[in-house]
Amino acid sequence: MHEATLAARMLQIAQAAAADRQGRVRAVTAVIGDMAGVMTDSLVFAFDALKKNTPLHGAQLKIERQRVLVCCRGCGAEYAPPGFPFVCPQCGGREFRIVRGEEIYVKNLEVEEDVRDH
Ligand SMILES: [Zn+2]
């Protein structure tokens, strides 16, 4: 299951970062491209299931969707297709390469520093 693997990796990244900064992770912000083939709901569900009984149990996964941007192979125009099929608004071409929209990465971590009185 793709989403569970992704969620596990995001938890690993967050855990490593939290250990470095000696704090608790409050939130993980992930960027998911619209063409990445990831079901956002499944990812959040897997994240919430996997974080139980880990130091990250209080962390919330926030998702930012990245819209698709493609480049026409015919004329080189870049456009954000409103939907399928992708047709170039300049030349009507249907050949394209994806510029943006396939990415999956952790963009930001909110870490709460451990504040202790000594
Ligand atoms: Zn074109």
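Which residue in β4 stands opposite valine 70? Let's find out on a short tour. Before you click, know that this is a predicted model, where local features need pLDDT of at least 70, side-chain atom pairs count only at pLDDT 80 or more, and totals for chains, interfaces and linings use all residues. Residues are numbered from 1 along each chain as its sequence is written.

**Stop 1: the open sheet**

Select residues 69–72, which make up strand β3. Helices (H or I, at least four residues) and strands (E, at least two) are DSSP runs, numbered from the N terminus. β3 pairs with β4 in the antiparallel sense over two bridges; strands count as paired if DSSP finds at least two bridges between them. Zoom in on valine 70 and you'll see its opposite number in β4: tyrosine 79.

Now zoom out. The open sheet has three strands in the order β4-β3-β5, with antiparallel pairing. Colour β4 (78–79) and β5 (96–100): they stand at the edges with a single partner strand each, so one side of each has no neighbour in the sheet.

**Stop 2: helix α2**

Next, select residues 40–50, helix α2, and highlight its buried residues, Leu43, Ala46 and Phe47. (Buried means 20 or more other C-beta atoms within 10 Å of a residue's own, exposed means 12 or fewer, and partly exposed is in between; C-beta atoms are placed from the backbone.) Look down the axis of α2: these buried residues fall within an arc of 100°, so they line one face of the helix. That arc is taken from the directions from the helix axis to the C-beta atoms. On the face turned away from the buried side, find the exposed residues Asp41 and Ala49. The buried residues of α2 pack against α1 (2–21) and β2 (60–66).

**Stop 3: the largest nonpolar core**

Phe47 shows up again here, among the residues with the most contacts inside the largest nonpolar core, which has 16 residues. Such a core is a set of buried Ala, Val, Leu, Ile, Met, Phe, Trp, Tyr and Cys residues joined through C-beta atoms within 7 Å. α1, β1 (23–33) and α2 each supply at least two of its residues, and α1 gives the largest share, five. Apart from this core lies another, of five residues, including Val68 and Phe96.

**Stop 4: valine 106**

Finish in strand β6 (residues 104–113) by selecting valine 106. Is it buried or partly exposed? Valine 106 is partly exposed, because 16 other C-beta atoms lie within 10 Å. Leaving out residues up to four places away in sequence, valine 106 touches Met10, Ile13, Val28 and Ala30; contact means C-beta atoms, placed from the backbone, within 7 Å.

How values were computed:
Two residues are in contact if their C-beta atoms, placed from the backbone, lie within 7 Å.
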